[in-house]
Amino acid sequence: MNILNNYLKEIDEFIDSKRDEILELWKEIVNLESFTGNKQSVNVVANRIQSEFVKEGFDVEQIDVGPNGNTLVATLGMNRGKEPVIFSGHMDTVFKNGTFGENPFRIEGNKAYGPGALDMKGGIIIALYTIKALNSIGYNERPIKVILSGDEESGHEGSCGEKALLDAANGGYCAFNMETALVDNSLCTGRKGRIGCIVEVEGVETHAGNDFAGGINAIEEMAHKILEIQKLTNLEEGITASVSVIKGGRIPNAIPKNCKIDIDIRFDRVEDMDKIKQSVNDICAKTYVDGTTTNVQYIAQLMAFETTDNVMKFYNFINNVCEENGFAKFGFKRLGGSSDASYLTIANVPTLCAFGVQGQWNHTEREYALVESMFERAKIISMIVLNLDKFKY
């Protein structure tokens, strides 16, 4: 048996010996709820995770990005003289604290439940124990960097979280984004970007019977804009625009003074974001009903995770390593949901997403994670890291 095979055997034994410990920490981190809109609770989780990486010898910095949870950046072995391996992800969840009662983590059969058990605290635990396993065999080939956002689920709204991610990712050799893994064993090689925005129109309210002519109908103005916004959809270009929520008016017998819509826009290419925003601005700047005023506010923005040549080279390398070492090969998919993998590829780091715990039904009460995939993924990623010197791009 060669040295590498000896290391892989040691890693398998290490992960297997830590099963109960892994499950207990997973439970603890999930029960420390971290709704994306609650900075304090996200930072409690950040502090707990920081303590684990400090024990592994990491230098850890928490970056205050503004109104949302901190970004955690942990580094180990930066004196090793090579570009670092990056593990990335996020610590926040979409569920308001208390949604599922006290201590919501539970395991039933082969599935784990709880806010963020799948999306994506399971992935954080996998990254941590992959690193613990590598440390246990004395791995020192490349520096290791961990980048965890505290506000991915809110699209870094109002924060400098995107800049923190880009700055931390700069100079990385490759990245494992530890987002939710797919149950069909596919990796994510691309994701749509997202723009979330609110448009508000203001008119003049009057009695619909006594002073119809004196009113200025905000809903009528918004109706024109909705039709134009929907026309931004171009399926061939990978762009979709959906006016998903509309609120307007106060009572049936009054001309409505206000109308508000929430818009979800998705796109395939980084370069499309500014063009789409300019189109939305142009639509909102045009007035159809004299006397109305319109305001547009961008509340969430995530860049597209593009399927670059280097992304596919990394994917093919990983499958070659899996095949050589007796693991099943991964499939690949592009997904419509956004993630911070986009910022790593913008930083020119070959990145694959969906390396975390496998499961389904993100962002719903049915969300679950497959328990055994926690241990298998840690073993697979450890094996890939040990072979990284064969990866050329």
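**Exercise 1. The cavity**

What is the volume of the largest cavity? Work it out for this predicted model, then describe the lining.

Solution. 
- Step 1. The search returns one cavity of 30 Å³ or more.
- Step 2. The volume of the largest cavity is about 40 Å³.
- Step 3. Its lining consists of Leu 25, Ile 29, Ile 49, Glu 52, Ile 124, Ile 125 and Leu 128.
- Step 4. Sorted by class, the lining has six nonpolar residues, no polar residue and one charged residue. Glu is counted as charged, and Glu 52 is among the lining residues.
- Step 5. Helix 2 (19-31), helix 3 (39-55) and helix 4 (117-136) each contribute at least two lining residues. Helix 4 gives the most, with three.

**Exercise 2. Side chains of strand 7**

Which residues of strand 7 point one way, which point the other way, and are they buried or exposed?

Solution. 
- Step 1. In a regular strand, side chains alternate between the two faces of the sheet.
- Step 2. Strand 7 covers residues 174-177; Cys 174 and Phe 176 point one way.
- Step 3. Ala 175 and Asn 177 point the other way.
- Step 4. All of these residues are buried, the cut-off being under 20% relative accessible area.

**Exercise 3. Cysteines without a disulfide**

How many disulfides does the structure hold? Check the answer on Cys 188 and Cys 197.

Solution. 
- Step 1. A disulfide is a covalent bond between the sulfur atoms of two cysteines. The test applied is a sulfur pair within 2.5 Å.
- Step 2. The count is zero disulfides.
- Step 3. For Cys 188, the nearest cysteine sulfur belongs to Cys 353 and is 4.7 Å away, and Cys 188 is in no disulfide. Cys 188 is buried, at a relative accessible area of 0%.
- Step 4. For Cys 197, the nearest cysteine sulfur is that of Cys 284, 7.1 Å away, and Cys 197 is likewise in no disulfide. With a relative accessible area of 1%, Cys 197 is buried.

**Exercise 4. Salt bridges**

How many salt bridges does a search of the whole structure find? Describe some of the pairs, with the exposure of each partner.

Solution. 
- Step 1. The total is 29 salt bridges, with a cut-off of 4 Å between side-chain nitrogen and carboxyl oxygen.
- Step 2. Asp 389 and Lys 82 form one of them, with an N to O distance of 3.2 Å. This pair links distant parts of the chain, 307 residues apart: Asp 389 is in the segment after helix 10 (371-386), and Lys 82 is in the loop between strand 2 (69-76) and strand 3. Asp 389 is partly exposed at 35% relative accessible area, and Lys 82 is partly exposed at 32%.
- Step 3. Glu 108 and Arg 106 form another, their closest N and O atoms being 2.7 Å apart. Glu 108 is partly exposed at 43% relative accessibility, as is Arg 106 at 38%.
- Step 4. Arg 250 meets Glu 205 at 2.9 Å, N to O. These two also come from distant parts of the chain, 45 residues apart: Arg 250 is in the loop between strand 10 (240-248) and strand 11 (258-267), and Glu 205 is in the loop between strand 9 (193-202) and helix 6 (218-230). Arg 250 is exposed at 59% relative accessible area, whereas Glu 205 is partly exposed at 35%.
- Step 5. Through shared partners, salt bridges join Glu 28, Arg 48, Glu 52, Lys 55, Glu 56 and Lys 132 into one network. Glu 52 of this network also lines the largest cavity.

Note on methods:
Residues are numbered from 1 along each chain as its sequence is written. This is a predicted model: local features need pLDDT of at least 70, side-chain atom pairs count only at pLDDT 80 or more; totals for chains, interfaces and linings use all residues. Side-chain values use heavy atoms; hydrogens and water are left out. Buried means under 20% relative accessible area, exposed over 50%, partly exposed in between (1.4 Å probe, protein chains only). Helices (H or I, at least four residues) and strands (E, at least two) are DSSP runs, numbered from the N terminus. On a 1 Å grid over the protein atoms alone, a cavity is a set of points where a 1.4 Å probe fits but cannot get out, and a pocket is an open set with protein on both sides within 12 Å along at least five of seven lines; lining residues have an atom within 4 Å of a point. Grid points are joined across faces, edges and corners, and a volume is the space filled by probe spheres set on the points.
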